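Thanks for coming. Please have the structure open.

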Amino acid sequence: MTTATGIDARLERIGTDGNYVIVPMDHGITMGAVQGLKDIESTIDGVTSGGADAVLTQKGIAPRVHENKNGKGYIVHLNGSTTIGPDENDKRMTGTVEEAVRAGADAVSFHINVGSDHEPDQITQLSEVTAEAERLGMPVLAMAYARGPGVDPEDPEALGHAVRLAEELGADIVKTGYSGDAESFQHVVESTRLPVIIAGGSKGSDRETIEMVRGTMDAGGAGISMGRSIFQHEDPEAIATAVSGVVHDDLSTEEALRRAGLALEA
């Protein structure tokens, strides 16, 4: 028996047929108990009922996750920072892979800002996380963003560098920013053999959200890891249904919005 078997088995728990709809809700450490996170139990129930494959939180929220995730996957995030601290890009370690195992996680995630002043420390830390995770048969989702002085967070070259860094350091999936359109994002996807999923960023309209997901899939991406655009939606289950329709059922933007009952509100 090899650790690769465990990694493959757990990857199946956080995705469907190699594609991923993940809803990160670790924002409580970053932003506080914002809309959608006070009653996180109801939000978790809604998004997993709507088709999300997995939810993601910091380790301390694990007791509030398991009874509400409807048998879906669970990812524990291992670093963080706050919006009121001195530097939001300075993500510090908040847990270990072993702690995530004890919390019932199917995978771990780690955030790295490629191009920031904190990149060197975060490279070292991500390398340590992937080494521990490989030993325990645990998948690693690297959140590799292009962020720092003089770095354009939507530049496909910078994003391509970020996702390749994640592969070089031993991650199993990589999340990054969206470059703005399918054509430019294709370069990002082609920069690594890892499944590439996108962040949601700040909340936009329903149509903007679903068009971004559609562009990601058209470029060869593997799905999304989208937080505020889903958990802060007035109907988290509906928007999760629409996103899942694109990622898992290859629906068009219009078809996905219509299936979720969001076409009129878009």
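**Lys175 and its surroundings**

Start with Lys175: leaving aside neighbours within four places in sequence, Lys175 is in contact with Pro24, Leu141, Ala142, Met143, Ala144, Tyr145, Ile197, Ile198, Ala199 and Ser225. Contact here means heavy atoms within 4.5 Å.

Before going on, this is a predicted model, where local features need pLDDT of at least 70 and side-chain atom pairs count only at pLDDT 80 or more, while totals for chains, interfaces and linings use all residues. Residues are numbered from 1 along each chain as its sequence is written, and side-chain values use heavy atoms, with hydrogens and water left out.

On confidence, pLDDT is the predictor's confidence in each residue, from 0 to 100. The protein chain averages 96, and 98% of the residues score at least 70. Helix H1 (residues 3-14) has the lowest confidence, at a mean of 95, and strand S3 (residues 73-77) the highest, at 99. Helices (H or I, at least four residues) and strands (E, at least two) are DSSP runs, numbered from the N terminus.

Back to Lys175, which sits in strand S8 (residues 173-176). Is Lys175 buried or exposed? Lys175 counts as buried, because its relative accessibility is 5%; buried means under 20% relative accessible area, exposed over 50%, partly exposed in between, with a 1.4 Å probe and protein chains only.

Tyr145 belongs to strand S7 (residues 140-146). Tyr145 is buried too, at a relative accessible area of 9%. Beyond four places in sequence, the contacts of Tyr145 include His111, Asn113, Ala162, Lys175 and Ala199.

Now the sheet. Eight strands close into a barrel in the order S1-S2-S3-S6-S7-S8-S9-S10, with parallel pairing; two strands pair if DSSP finds at least two bridges between them. Neighbouring strands of this sheet are turned by 30° against each other on average, direction ignored. S7 and S8 run parallel and are joined by three bridges. Helix H6 (residues 119-136) packs on the sheet, touching strand S6 (107-114) and S7, and its direction makes about 160° with that of S6. Axes are lines fitted to C-alpha atoms, for helices over the stretch in contact, and angles run from 0 to 180 degrees between N-to-C directions.

What does the record say? UniProt, in an unreviewed entry, places the feature "active site" at Asp26, Tyr145 and Lys175. The lining of the largest pocket includes Asp26, Tyr145 and Lys175. A pocket is, on a 1 Å grid over the protein atoms alone, an open set of points where a 1.4 Å probe fits, with protein on both sides within 12 Å along at least five of seven lines; lining residues have an atom within 4 Å of a point. UniProt positions are in the numbering used here, feature names are shortened, and annotations may be inferred rather than shown by experiment.

The unreviewed entry also places a "binding site" at residues including Asp26, Thr30, Tyr145 and Arg228. Thr30 lies in helix H2 (residues 27-31) and counts as buried, at 11% relative accessibility. Outside its sequence neighbours within four places, Thr30 is in contact with Ser81, Thr82, Thr83 and Glu88.
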